[in-house]
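Student: Could you show me how to read a structure like this one? I would like the general idea of each feature, then the case at hand.

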Amino acid sequence: MFTAALIATVWLGAGCASDPADSAAAKRPADTAAVGGAEGGTPLPAASAPVWTVSLKPDGLEINIEGGPGGYWFGVTETTPGGWTGEDCVNGFTTADSEQIFYCHEAGDGGKRSFVRVASLREMNGATTLFDVANEGTLTYYLYSDPVFGGSGDCWVQGADAAYYQAEGCR
């Protein structure tokens with residue numbers, strides 16, 4: 001299980017090598033993983049996909065994850081022009097004064113997690129979000145199973161614009 005210090009990770013500036021998105025791009029297999037080194041091996045099936053839903057609430061959002069490999073990180077982004085991308089787990093957000101903001105929400109090995117809506121960026125932390133039911137239809141969600149925390153390296157996307165995460169090779 002994740003420690004409280006990892007509930008949300010915020011990078012200001014250039015970033016960090018332990019960025020879940022960095023490990024996603026470098027380690028995630030497309031559909032199978034080969035075993036046996038450079039000589040090849042027997043392909044293993046990709047991890048079974050979790051069943052996950054996101055519910056927008058008047059005071060924030062809730063994610064419910066059942067099954068799958070575990071070790072999850074959860075991202076959410078507003079995929080409308082000029083939308084908030086600071087919670088997307090991959091690209092982050094650059095403010096008008098060039099401050100780099102990056103949040104990726106810890107979602108453990110599954111179950112329900114709630115994130116309370118706050119009114120400003122300065123109030124953001126691991127248990128908060130800038131989204132609520134008013135953002136219905138504008139959000140895209142990202143779920144990453146981090147091998148560092150026992151996951152498979154796979155990711156899944158759903159929502160308004162799955163193409164936002166196309167470069168990540170998610171399902």
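**Disulfides, cores and a sheet**

Tutor: Start with two cysteines: Cys89 is buried, and Cys104 is buried too. Buried means under 20% relative accessible area, exposed over 50%, and partly exposed in between (1.4 Å probe, protein chains only).

Student: What kind of model am I looking at?

Tutor: A predicted one, numbered from 1 along each chain as its sequence is written; local features need pLDDT of at least 70 and side-chain atom pairs pLDDT 80 or more, while totals for chains, interfaces and linings use all residues. Side-chain values use heavy atoms, without hydrogens or water.

Student: How many disulfides does the structure hold?

Tutor: Two. A disulfide is a pair of cysteine sulfur atoms within 2.5 Å. In the link of Cys89 and Cys104, the sulfur atoms lie 2.1 Å apart. The angle about the S-S bond is 95°, and the link is right-handed.

Student: Which parts of the chain does the pair of Cys89 and Cys104 tie together?

Tutor: Cys89 sits in the loop between β5 (72-78) and β6 (93-94), and Cys104 in the loop between β7 (100-101) and β8 (105-108), so the pair joins parts 15 residues apart in sequence. Helices (H or I, at least four residues) and strands (E, at least two) are DSSP runs, numbered from the N terminus.

Student: And which cysteine forms a disulfide with Cys155?

Tutor: Cys170 does, with the sulfur atoms 1.9 Å apart. The link of Cys155 and Cys170 is left-handed, with -100° about the S-S bond. Cys155 belongs to strand β12 (residues 155-159), and Cys170 to the segment after β12. These two cysteines are 15 residues apart. Cys155 counts as buried because its relative accessibility is 1%. Cys170 has a relative accessible area of 21%, so Cys170 is partly exposed.

Student: What pattern do the disulfides follow?

Tutor: Count the bonded cysteines along the chain: the pattern is 1-2, 3-4.

Student: How many helices and strands does the chain have?

Tutor: One helix and twelve strands. In sequence order, the pattern is α-β-β-β-β-β-β-β-β-β-β-β-β. Of the 171 residues in the chain, 45% are buried.

Student: Which residues have the most contacts inside the largest nonpolar core?

Tutor: A nonpolar core is a set of buried Ala, Val, Leu, Ile, Met, Phe, Trp, Tyr and Cys residues joined through side-chain atoms within 4.5 Å. The largest core here has 22 residues, and Trp52, Leu61, Ile63, Phe74 and Tyr141 have the most contacts inside it. The elements giving two or more residues to this core are β3 (51-57), β4 (60-66), β5 and β11 (139-145). Apart from this core lies another, of ten residues, including Val90, Phe102, Tyr142 and Val157.

Student: Which residues does Trp52 contact, leaving aside its neighbours within four places in sequence?

Tutor: Contact means heavy atoms within 4.5 Å. Trp52 is in contact with residues including Ile63, Phe74, Tyr141, Leu143 and Trp156. Now take the chain's contacts with a separation of 6 or more: residues 24 or more positions apart account for 57% of them.

Student: In what order do the four strands form the open sheet?

Tutor: Two strands pair if DSSP finds at least two bridges between them. The order is β8-β5-β11-β12, with antiparallel pairing. At the edges stand β8 and β12, each with a single partner strand, so one side of each has no neighbour in the sheet.

Student: How many bridges join β5 to β8?

Tutor: Three, and these strands run antiparallel. Look at Phe74: its bridge partner in β8 is His105.
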